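Please read it alongside the sequence and the structure.

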2 protein chains.
Amino acid sequence: MTTLQNGHSKKPLDVAIVGGGLVGSLEALYLAKRGHRVRLYEYREDIRKTPQARGRSINLALSIRGRRALKDVGLEAHMIEQHGIPMVGRMIHRLDGSTYDIPYDARTNQCIYSVGRNYLNSLLLKESENYHNVERSFNHKLIEANLKKGSLTFLNTATKEEVNINADLIIGADGAFSAVRKAMMKQPLFDYSQKYIEHGYLELCIPADESGGFQMPASYLHIWPRGTFMMIALPNQDCSWTVTLFMPFENFKELDTEEKLIDFFEKYFPDSIPLIGRKRLIEDFFSGSPSPLVAVKCRPYNVDDKALIIGDAAHAVVPFYGQGMNAGFEDCTLLDQLFQKYNDNLADILTEFSSSRWRDTYAISDLAMYNYIEMRDLVTRPSYRLRKAFDDLMFWIFPNLWVPLYNSVTFTTMPYSQCVENRRWQNKVLFSIIILMVFIMIFCAFK
Amino acid sequence: MTTLQNGHSKKPLDVAIVGGGLVGSLEALYLAKRGHRVRLYEYREDIRKTPQARGRSINLALSIRGRRALKDVGLEAHMIEQHGIPMVGRMIHRLDGSTYDIPYDARTNQCIYSVGRNYLNSLLLKESENYHNVERSFNHKLIEANLKKGSLTFLNTATKEEVNINADLIIGADGAFSAVRKAMMKQPLFDYSQKYIEHGYLELCIPADESGGFQMPASYLHIWPRGTFMMIALPNQDCSWTVTLFMPFENFKELDTEEKLIDFFEKYFPDSIPLIGRKRLIEDFFSGSPSPLVAVKCRPYNVDDKALIIGDAAHAVVPFYGQGMNAGFEDCTLLDQLFQKYNDNLADILTEFSSSRWRDTYAISDLAMYNYIEMRDLVTRPSYRLRKAFDDLMFWIFPNLWVPLYNSVTFTTMPYSQCVENRRWQNKVLFSIIILMVFIMIFCAFK
C-alpha cells in the first residue's frame, strides 16, 4: 500500500497541510502516495487519544464520491465491509408514530453508509503512519501565515513554543472557520460569503436495546419531518442511534423547562420518547445547547502556486444533503488527478483547481440549503411523492438519460453543477409533457 | 444651526465614530444636534489639509435620500445652490460620436446633482466645528476593538502613541474595508459576503475648454455604453469632467502600449479623444492602474447596545446606481428617527435598525449590480427604450401609482426593498396586459 506512484526523478514537493481532520488526513495520504513530503499540523490533540468530543456530528453519510477517494488510498473496502452501516432509503415517521420508507434507488438498490467521524479520522491517521514521508504534529495552532512566501508559524499548545516552517505548498484543510482562509482574505479580489441559517441543531441519542440490538430498522436514515423543523437519526456501530434535532433557535429557547420539552416531544415526536428514554432525553437536551449551521462560499481557492484551501475551509455546507465530507474528499481526488495531469506543476494544478472547482461547490452548497426544505417539509407532500414516482419511472426506462437529482449527486461522480443542470433540463421536459397533455385534453374535450 | 434638539434632562451619550468620511462626519452632526458627545476618529489626515487623493471617485451623484439628510443638518441649500451641478438625464454617446438624451424624469424634471466628494466631506467636517460637543481626531488608526465592552484602541500615526478610549456607543463608518466590521465578524451568527465584480475602473479627465467652460452639455450624466464595458463622465465645478472607464480587468491588461490604447479609444470612444486630449489620455491611463469594485453585504449591523456599523462599512455597493453615498446618508437619517422614536434607548434603536435596514441595503446592492448591465448594454436596446416610454406614460397617467423603478429609487424616499417590490408588481401588470392583447388579437383574427 505504501508503493509510491511518483516514479519520475523530480525532487518531491514539501507540503504542509493545516488541519488533520477527515480531509486533511486523506489529502496527506494522496500526496504521500505520490512521493511528496507531507507535514500535517492539527490544532487539537491526536483524535485517537481523546474521548469523543460532544457537539460535533459523530456520524456521517458516506456516498460514492467519498468512497472513490477512500478506494484511491486503499481504505474503501475496510470502511464499507467492516464499519459502515448501509442505509437504503429514508424512513419517514408520521406524527402518530407510524412509518413508511422511501428508497434512495429503487432501481439498483444503491445505498449510502453511516460511518463514525472519529473512526474514519483515526483510520486515515493510522494509515498515514504506513508512509515514511508523512509527519504528524498535533497541538499545533496556526498563529501566523504568509501564504505568498509559503511560511507558517504555529504555537505548540503543549510546549508553548513557536514553530516556524516553510513549504513549497500550504494546504488549508482546517474546516469551516479556517485560519488559512482568514489569511487568504487579505488578498485583493477574494470573494467570500458566510451565511448562518436561522436553525440550530442539537444531538440526542437512542441507545441500543437490552439485548444490544437496534431499536429501529437499521438500514434507513430516519426522518421526523415537521414542516418548519425536523429530527433525524443515523445508526451507529454499537446499535445506538445519533439523533439530531434541527429547529429555529427561537424554538429551542422556548423549551426552557423539562415539562415544555416533554410536551413538545409528546406532540411532535411521540414515538421517539420511549426509544430515547424520558430521563435521558431531558438530560441530553439540557446538558447541551443548540449549535449554529454555517455555509461558506469563497473563491479563488489558491494564492499563486503556494497555497490552497480544500474541504470545509473552502466550502462549508449545511448538512442536509449528506455531502460535506464527500465533497471535501472529492477535492482530494480531483487534486490528485491534476497532480497527474500537470506532472506536479503547482502553478497549473492550483490555477485549474481554483478556476473550475467553485462552480460545483457553489452548486452543492445551494442544493444542501434546498434539501433542508425537502427533508423537513416537502418529503411529506403528495406532489413530492408523485414527482419522485415519475423520476423513478423515467430512471427505470432511461437509466443513462434520466438520472434523478438525488441519485446523480449521491450515486454518481457527475460534477455537482451538472447534476443541477440535469435537473433543470428534466424540469423543462416535464413541464412540456404537462402542457402537451393539457392541450390534448382540451382538444379531446372540444372534439 | 447649533441649537440642540435634545431638550430632555437625560445624560448625553458618549459616542465614538470610527471614520471621518462622508457618512461618519454626517452622523457626527446628527448626534451633535441631539446633544450627545461625539468623538470622531479618522485614519487619514484632515481631508481639508491634503491634496486630492487620486484613484477614489472624486464626484458623486447626490439624490433625494442624500438631500434629505443634508437638509436635516442644514446643509442642503448650500450644496444644491452653491455647489452641485444638476443632471437631468443620461446623454448617450453612440460609436459615431452622435448623442441623444434620456431624461430621468420627463414628467416633473427632477434631477440628480454632481457633487465633489472632497468638497462635501470638508463642508461636513467644517460644520461639525460649530458644535462644541464634537471632537475630531485625525491620523488615528483603529488597531483593536472590544465592541462588547465599548472599548477601542487607536494608533496615533503622527505621534506613534496608542490611545485607549471607552464609549457608550461605537459607530463604525469606516468604509468598505471597515476595521470595526472586522471586529464584528468574530461574533457568532454574523452573515457576511464580499463580492468583487470582474470589472475594474480607471479615472480620466476631460479638462475645461480654453475659455474655462464645459466641453460637453453639463446637465447630463454622459455614457458611452459598449456592451461589455462602458465609459461615463460627470461634470465638475471647475468645468472639467471626471471620466470613468469601467471594463473587465483582462481588457485593461491588453491595453499595454500607447498604440493599443489609442486604437482602442479610436474604435470605441472616438469623440472622447479630442475632448480628453491624446497626450493627457496616454498620461492619465498609464499613470494609474484599474481599481477593483466590491459589494459587501452583512448582518446584523449591531453588537448588543454597544456598537453599530453604517454606510459602506455595513453595505458597500457597486457604483452603478449612484446610491452608495445616498444609502449611507439615509442610514444616518433613519438612525436619527430611531433616536427620536426610542428616546435615546440604544438597545431598542440598534436592534430595530439592524433588523429592518438590511432588507433595503440588500435590495439596493442587487439593483446596483443589475444597473451596470442596464447602463453599459440594455440602455442602447429598443426593448429598453420601449419599456421606458411605457413606464413614463403610465407615470404620467398615474403619478402616485406607477412610479418607475429608477424614479422611486432616486427621487423618492420609499424603502429600497419596496422599490423592487413595486417593479415586480409593475412587471406582472405589464405581462398581463401583453397576454390580454395577444388573446384579443387572436380572437379578432379568428372572428
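## Salt bridges

A:Glu352 is partly exposed, with a relative accessible area of 24%, and in this predicted model its side chain meets that of A:Lys341 in a salt bridge, with N and O 3.1 Å apart. Because A:Lys341 belongs to helix H11 (residues 324–341) of chain A and A:Glu352 to helix H12 (residues 346–376) of chain A, the pair ties together parts that are eleven residues apart in sequence. A:Lys341 itself is exposed, at a relative accessible area of 51%. A further salt bridge in chain A joins the side chains of A:Lys260 and A:Asp256, at 2.9 Å from N to O; here A:Lys260 is partly exposed at 40% relative accessibility, and A:Asp256 is likewise partly exposed, with a relative accessible area of 49%.

In chain B, a salt bridge of 2.9 Å (N to O) is formed between the side chains of B:Glu330 and B:Arg65. This pair links distant parts of the chain, since B:Glu330 lies in helix H11 (residues 324–341) of chain B and B:Arg65 in helix H2 of chain B, 265 residues apart. Both partners are buried: B:Glu330 has a relative accessible area of 3%, and B:Arg65 one of 0%. In chain A, salt bridges that share partners join A:Arg65, A:Arg68, A:Glu330, A:Asp331 and A:Arg357 into one network. Over all chains, the count comes to 52 salt bridges.

In helix H2 (residues 64–72) of chain A, the buried residues are A:Arg65, A:Gly66, A:Ala69 and A:Leu70. Viewed down the axis of H2(A), these buried residues fall within an arc of 135°, and they therefore line one face of the helix. Just after H2(A), A:Gly74 adopts a positive phi of about 80°.

Helix H3 (residues 76–83) of chain B buries B:Glu76, B:Met79, B:Ile80 and B:His83. Down the axis of H3(B), the buried residues lie within an arc of 120°, so that they line one face of the helix. An α-helix has 3.6 residues a turn, so residues three or four places apart point the same way. On the other side of H3(B), B:Glu81 and B:Gln82 are exposed. The buried residues of H3(B) pack against several elements of chain B, namely strand S3 (59–62), helix H2 (64–72), strand S4 (85–87), strand S7 (112–116) and helix H4 (117–128).

## Two buried side chains

B:His315 is found in helix H10 (residues 312–315) of chain B and is buried, with a relative accessible area of 4%. Leaving aside residues up to four places away in sequence, B:His315 touches B:Val296, B:Tyr301, B:Ala327, B:Gly328, B:Asp331 and B:Thr361. With B:Asp331, the side chain of B:His315 makes a polar contact, side chain to side chain, at 2.6 Å. The C-alpha atoms of B:His315 and B:Ala176 are separated by 7.5 Å, although the two residues are 139 residues apart along the chain.

A:Thr410, in helix H14 (residues 405–411) of chain A, is buried with a relative accessible area of 1%. A polar atom of the A:Thr410 side chain lies 2.8 Å from the backbone oxygen of A:Tyr406. Not counting residues up to four places away in sequence, A:Thr410 touches A:Ser63, A:Ile64, A:Ile112, A:Tyr321 and A:Gln323.

## The contact between chain A and chain B

The contact draws 13 residues from chain B and 13 residues from chain A. About 1,200 Å² is buried between the two chains, and carbon and sulfur atoms give 49% of this area. In chain B, B:Leu189, B:Gln194 and B:Tyr196 lose the most area to chain A, together 41% of what that side buries.

Between the chains there are two salt bridges, and A:Lys195 forms a salt bridge with B:Asp191 in which the closest N and O atoms are 3.6 Å apart. The count of residue pairs in polar contact between chain B and chain A, both at pLDDT 80 or more, is six. Strand S13 (191–206) and strand S17 (291–299) of chain B each supply at least two residues of the side that touches chain A, and S13(B) gives the most to that side, with seven residues. The residues of this side of chain B divide into seven nonpolar, two polar and four charged.

Terms used:
Residues numbered from 1 in each chain as written. Chains lettered and ligands numbered in written order. Predicted model: local features only at pLDDT ≥ 70, side-chain atom pairs only at ≥ 80, totals over all residues. Heavy atoms only, no water. Buried < 20%, exposed > 50% of the residue type's maximum accessible area, 1.4 Å probe, protein only. Helix = DSSP H or I, 4+ residues; strand = E, 2+ residues; numbered from the N terminus. Arc of directions from axis to C-beta. Contact = heavy atoms within 4.5 Å. Buried area = accessible area lost by both parts, 1.4 Å probe. Salt bridge = Lys/Arg side-chain N within 4 Å of Asp/Glu carboxyl O. Polar contact = N/O pair within 3.5 Å; in protein donor to acceptor, adjacent residues only side chain to side chain. Nonpolar A, V, L, I, M, F, W, Y, C, P; charged D, E, K, R; others polar.
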